[in-house]
Amino acid sequence: MGIIDEALAAFASNIARAGLSMDQGTREHLRALEGRLIRIVSEQPTLSFYLLVEDGRLTCLATSDNTPHVMVSGSGLALARWLSAPHRTEGIRIEGDEGV
């Protein structure tokens with residue numbers, strides 16, 4: 001993993017933590033995902049990263065040696081819509097543990 005990948009992962013984690021610290025409802029949903037690894041794959045632009053929920057915190061990772069519990073893929077725009085409103089699944093494919 002390169003220094004740019006590490007910097008982007010750290011930046012994304014900091015943004016996610018800042019947003020989550022303000023939203024009680026989202027923090028409650030995160031509790032249900034505790035210990036889960038989610039792989040996010042954007043097909044255009046081509047990008048892949050992982051989200052890990054540990055101790056009530058969301059961490060964004062550029063790589064992981066662990067097998068993700070679920071993989072979510074789609075275009076960058078579809079993923080952005082889904083991440084901001086998880087009920088909007090148009091253009092999204094979800095594979096793996098449906099409980100996640």
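The accessible surface of the protein chain amounts to about 6600 Å². Carbon and sulfur atoms hold 56% of that surface. The model is a predicted one. The chain has 100 residues, and 27% of them are buried.

Three helices and five strands make up the secondary structure of the chain. Along the sequence they follow the pattern α-α-β-β-β-β-α-β. Among contacts with a separation of 6 or more, 48% join residues 24 or more positions apart.

Helix α3 spans residues 76–84. Its buried residues are Ala78, Leu79 and Trp82. These three lie on the same side of α3, because they cover an arc of only 95 degrees around the axis. An α-helix has 3.6 residues a turn, so residues three or four places apart point the same way. The face of α3 turned away from the buried side carries Leu77 and Ser84, both exposed.

Strand β4 includes Ser73. The relative accessible area of Ser73 is 4%. Ser73 therefore counts as buried, the cut-off being under 20%. Neighbours within four places in sequence are set aside in what follows. Ser73 is then in contact with Val41, Glu43, Leu79, Gly91, Ile92 and Arg93. One of these, Leu79, is a buried residue of α3.

How values were computed:
Residues numbered from 1 in each chain as written. Predicted model: local features only at pLDDT ≥ 70, side-chain atom pairs only at ≥ 80, totals over all residues. Heavy atoms only, no water. Buried < 20%, exposed > 50% of the residue type's maximum accessible area, 1.4 Å probe, protein only. Helix = DSSP H or I, 4+ residues; strand = E, 2+ residues; numbered from the N terminus. Arc of directions from axis to C-beta. Contact = heavy atoms within 4.5 Å. Areas by Shrake-Rupley, 256 points an atom, 1.4 Å probe, with all protein chains shown as cover.
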